[in-house]
Amino acid sequence: MRGLLQDVRYALRQLRKNPGFTAVAVITLALGIGANIAIFSVIEAVLLRPLPFKSPDQLVWMNGKLPLSDEAAVSPPDFRDYRQDNRAFSCLAVMGYSAGPSNLVGDKPEQVLTQIASANFFNCLGMRPLVGREFTLSDEQTNLPQVAVLGYGLWKRDFGGDRNVIGRTIRIDGADLTVVGVLPSDLPLLTEAQLWLPTPMLNSGMNVRLGHSLKMIGRLRSGVTLQQSQADLDAIALRLQKQYPDTNKDWFIRQRRLREVLLGPTRPILLLMWGAAALLLLIACANVTNLLLARFVSRQKEFALRAALGASRARMVREALTGSVTLALIGGTLGAVIAYGTVYLLRSFGPSDVPRLGSSNIDLVVLGFNFGISLLTGIIFGLFPAFQVSGSASANKLKQAGRASQSVGHKRMSSALVIGEIAISLTLLVSAGLLLKSFWRLTHVSPGFQTDHVITAKLSLNAPEYGPYNDPTQRARFWQQFEDRVKALPGVEEVGATSALPLGATHYDNPFHIPGRTYGPSDFDDAQFRQVTPGYLSVMRIPLIQGRWIGRQDVAVSPGAIVVNQAFANRFFPHKNVLGQRLQLMGDPQQTREIVGVVGNVSLISLSEPDWPEMYAPYAQYAPSLINIVVRAKGNPINLVAALQAQVSAVDKTITLSGVRSMDDVLETSVSQPRFSSQLIGVFALLALLLAAIGLYGVVAYSVSQRTNEIGIRMALGASRQDVLRLVLRYGAGLALIGTAFGFGASFAATRVLTSMLFEVSASDPQTFLIVAALLMAVVLGACYIPARRAAKVDPMVALRYE
Amino acid sequence: MAETRQPLIQIEELTKVFYTDEIETHALSGVHLTISKGEYVAMSGPSGCGKSTLLSIIGLLDTPTAGKYLLNNKPVENLDFGDRSRLRNQEIGFIFQSFNLIGDLTVYENVELPLTYRQKMPSADRKKRVMESLERVGMAHRVRHYPSQLSGGQQQRVAVARALGGHPSILLADEPTGNLDSRNGEAVMELLQNLHREGATICMVTHDPRFAKHAEREVHLFDGKVVAEEELQKLMADVHA
Ligand SMILES: Nc1ncnc2c1ncn2[C@@H]1O[C@H](COP(=O)(O)OP(=O)(O)O)[C@@H](O)[C@H]1O
Ligand SMILES: [Mg+2]
């Protein structure tokens with residue numbers, strides 16, 4: 001122990017004595033370690049931390065599984081059967097498909113996000129209400145919700161955290177509800193809901209077996225495996241199939257662990273980043289190894305002296321390793337500081353759809369990881385030099401140690417390290433290049449509509465069965481008044497509305513039949529579905545291809561009309577005139593609808609997905625309560641926000657706008673993940689390139705310093721400065737070329753993992769490979785140019801000097 | 001006979017001052033020297049008298065502080081680095097005390113090296129020249145060897161071959177036997193003498209009087225000046241007194 005302390009003191013003294021070496025090594029290590037800690041802290045927060053639920057490993061997420069899709073939601077009657085009949089779960093519960101805005105009238109009207117949940121939903125997750133109780137089976141026995149549970153955030157914000165809120169009446173979408181409980185926290189991993197209502201199981205909408213609208217979770221009884229619970233669920237599914245062949249044919253439940261559902265999608269991108277960070281650290285290690293090798297050469301005499309004085313080899317290795325580990329720990333400390341800043345940036349600028357990203361921070365676990373990785377790093381990069389130097393020291397003893405020189409082994413090792421660095425950084429650069437190109441391609445996809453000058457906001461005309469707008473005609477009338485007022489505003493070019501925004505977070509499909517075609521039981525065609533107002537098309541600048549668009553004449557009492565997109569026409573009516581065809585939509589107030597027009601395709605779910613078949617129904621004929629208004633402005637659309645809100649209030653002072661965003665922003669958000677990953681990998685790749693360039697610079701500069709005499713001789717023999725410049729550059733370029741060759745091989749293998757993240761770019765895109773290789777060569781040759789210039793300035797007189 | 005010879009090197013009033021850390025070293029202070037084509041000159045003098053400095057200026061490795069230097073009747077004292085490199089490569093053949101062969105290159109490559117710095121020399125010509133010069137020094141059978149596999153005498157012969165390969169106007173040798181035992185030293189001196197007989201111009205620095213006798217003419221340097229033999233004796237005696 002005392003020996004170790006002495007070694008550390010000695011190591012520190014060595015580092016102080018060589019501030020240049022120490023600074024370069026520490027900064028290099030700090031970059032490598034810092035990147036790793038930062039990414040690790042994100043991984044820790046997002047992937048490794050347990051879910052904020054009790055015994056989360058027992059929680060299972062359940063989807064409907066049909067021949068067509070295994071991501072379907074569950075219908076309320078099915079849920080009630082599974083809840084009653086299963087034996088594998090200690091509880092089974094559902095929540096609504098998503099949170100929707102409702103109008104809460106308190107001191108001032110506002111929109112809050114509400115969601116329905118079954119009895120025991122929170123208990124099933126392992127949450128106990130902070131105050132009051134959660135929903136019970138008897139809360140479900142109603143046609144319309146009578147009670148509400150407040151989310152924690154809303155309770156704090158709107159109710160001042162008042163524990164006496166239990167029993168108070170709140171007015172939501174025109175209905176009076178009694179507050180029965182307050183949640184101890186919101187559930188950001190699952191939903192944005194701020195306010196919860198019970199599932200009104202007596203409501204007619206909650207008794208349609210084909211109305212797949214609920215998300216189901218369950219908690220496995222202890223000791224029950226997924227296989228056992230699957231058998232349990234399958235038995236129920238088969239029984240329901242027999243009992244309800246029209247609706248439940250081929251209908252099963254697919255189970256996944258909750259953690260897998262919530263965190264699985266972000267795992268590949270995070271692991272990719274970790275991979276990139278690890279490679280960066282590897283490059284940093286290679287650099288520092290080379291620095292150490294060079295330093296140890298200059299200390300050979302000292303080591304030889306120690307060997308002569310009787311120091312054992314083990315002793316010298318330990319001493320050298322103490323030095324490198326000390327260095328790594330200093331680097332790791334600085335790395336933690338870098339990571340702290342990086343994590344802050346990741347939190348602020350990371351994609352919003354990575355769950356729990358905001359909670360990543362440098363905590364004790366991360367610091368422990370930091371310490372471990374620094375220790376490991378120090379050993380990795382210190383080991384080879386330590387053995388090298390102690391080996392040569394004890395072999396040479398004092399005899400030849402007088403003259404410091406580069407041994408063949410050292411030279412091979414440092415060349416190999418630099419080649420490896422270049423290969424790795426090429427791999428990272430290629431990955432970044434592919435992701436950037438893919439991202440560029442993605443952002444140059446035309447979404448089929450124009451986002452500029454368009455602003456959007458959510459408007460809730462209440463939940464369907466209660467309040468003043470429960471009749472679609474009333475909603476349509478509200479819209480008509482609102483539209484007329486907005487159109488009259490200065491600066492407004494056009495105004496429209498849609499039930500779901502393209503590239504937004506929610507999408508609705510609607511099963512339908514084409515009259516005249518034969519369908520099996522519970523067999524439907526399916527397409528994306530939106531209810532829109534006449535102004536929608538020109539606000540979004542979607543082209544009309546055929547027939548006509550929805551107009552003001554399409555009101556509730558006129559014949560049912562529907563407009564489809566080109567993908568729909570191609571898919572369901574190939575080689576046929578689609579105009580005049582009829583569709584029978586499930587749940588439609590109209591018996592059938594006639595296709596009156598065809599419009600261009602738009603990117604609905606993401607820019608990278610193929611065009612989906614889509615249907616547009618007139619809002620006036622089929623008015624949902626939740627709509628997104630879209631307004632095309634003559635100037636900056638953000639300037640219209642206050643005026644729009646004023647017009648809403650003017651029509652109905654209890655209604656407010658929420659979720660105001662520009663359409664540009666909606667588009668931006670839809671590409672935030674690919675943007676983030678390509679930029680982050682890009683930064684890593686540039687750092688890797690920088691480190692590799694520094695590494696090659698170091699090796700070439702060292703070689704030049706070792707070859708000063710040779711260069712002088714060459715000049716004495718008539719080599720011009722250009723000859724010498726070329727000599728050195730050729731050496732550096734040789735290393736770089738070999739590194740690039742290896743890097744190509746590694747890239748071909750490594751970029752396979754990117755395939756699923758790439759859009760319209762092949763993982764072995766030759767253009768990217770070549771451009772990146774050219775960039776790499778240019779940078780590393782630039783790095784070689786500095787020592788090459790120095791070499792060209794060698795005074796040929798050194799040839800005459802004899803030492 | 002000397003009068004009929006053409007002058008190759010004409011040096012007048014040559015001075016060289018080194019400035020290091022505010023100390024001025026007058027390495028050469030007013031040297032006059034003429035070397036004719038085909039001459040074999042030995043340069044001697046005590047250590048630090050400026051022999052190497054003079055040789056490096058003659059060899060265009062360095063420039064004089066002041067004075068005139070005509071090489072083949074052309075003034076060369078103010079040439080820039082690139083022109084000096086080119087002239088050095090074509091006109092000067094260096095032989096160093098420590099041989100200065102490049103360890104990573106074979107004997108063949110070492111001899112070829114200066115020729116590779118010439119523009120537009122076909123490799124067949126290079127090969128011919130390399131083999132020719134190696135044969136002249138009796139090292140043609142060692143082309144694939146590395147310097148570390150040769151004795152000191154052999155290395156110096158390879159260095160001579162390297163100096164010859166470019167067909168220089170003059171061979172400059174700075175204590176070429178300084179790192180050799182006497183037997184190997186004799187052999188190298190013999191080699192130089194043979195070359196001189198075949199017409200080579202040689203200027204050799206040596207402080208060994210035995211070897212100086214090989215030369216046609218001896219030039220004595222003392223304290224940065226060329227002095228006559230008798231004067232040198234007197235000066236040396238003063239120093240020792
Ligand atoms: N590059 C230099 N910088 C400073 N002083 C030098 C340099 N080269 C030689 N000298 C000095 O010039 C003088 C002559 O040196 P040199 O020509 O090497 O002598 P010699 O070869 O006769 O022993 C010595 O005093 C030496 O210290
Ligand atoms: Mg000398």
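## Basis of the model

This is a predicted model, in which local features need pLDDT of at least 70, side-chain atom pairs count only at pLDDT 80 or more, and totals for chains, interfaces and linings use all residues. Residues are numbered from 1 along each chain as its sequence is written, chains are lettered from A and ligands numbered from 1 in the order in which they are written, and side-chain values use heavy atoms, leaving out hydrogens and water.

## The site of ligand 1

Residues from chains A and B surround ligand 1, so the site is shared between chains. Arg801(A) is in the shell, and chain B residues there include Phe18(B), Thr20(B), Lys51(B) and Thr53(B). A residue belongs if one of its heavy atoms lies within 4 Å of the ligand. The shell divides into three nonpolar, seven polar and two charged residues. Here Ala, Val, Leu, Ile, Met, Phe, Trp, Tyr, Cys and Pro count as nonpolar, Asp, Glu, Lys and Arg as charged, and the others, Gly among them, as polar.

Strand 1 (7-20), strand 2 (23-36) and helix 1 (51-58) of chain B each supply at least two shell residues. Helices (H or I, at least four residues) and strands (E, at least two) are DSSP runs, numbered from the N terminus. Helix 1 of chain B gives the largest share, three residues.

Backbone atoms of chain B approach ligand oxygens. The distance is 2.7 Å for Gly48(B), 3.3 Å for Cys49(B) and 2.9 Å for Lys51(B). On its own, ligand 1 has 560 Å² of accessible area (Shrake-Rupley method, 1.4 Å probe), and the protein covers 67% of that.

## A nonpolar patch on chain A

Phe371(A), Leu375(A), Ile379(A), Leu383(A) and Phe387(A) make a nonpolar surface patch of about 420 Å². Such patches join nonpolar side chains within 5 Å, from residues with over 30% relative accessible area and no salt bridge (a side-chain nitrogen of Lys or Arg within 4 Å of a carboxyl oxygen of Asp or Glu).

Leu383(A) sits in helix 13 (residues 364-396). Its relative accessibility is 34%, so Leu383(A) counts as partly exposed; the class lies between buried (under 20%) and exposed (over 50%), with a 1.4 Å probe and protein chains only.

## Two buried loop residues

Leu61(B) lies in the loop between helix 1 and strand 4 (66-71) of chain B. Leu61(B) is buried, at 3% relative accessible area. Its C-alpha atom is 7.5 Å from that of Arg84(B), 23 residues apart along the chain.

Ser558(A) lies in the loop between strand 16 (544-547) and strand 17 (561-565) of chain A. Ser558(A) is buried too, at 16%. A polar atom of its side chain lies 2.7 Å from the backbone oxygen of Val555(A).

Technical notes:
Patch = residues over 30% accessible without salt bridge, like charges linked within 9 Å, V, L, I, M, F, W, Y side chains within 5 Å. Polar contact = N/O pair within 3.5 Å; in protein donor to acceptor, adjacent residues only side chain to side chain.
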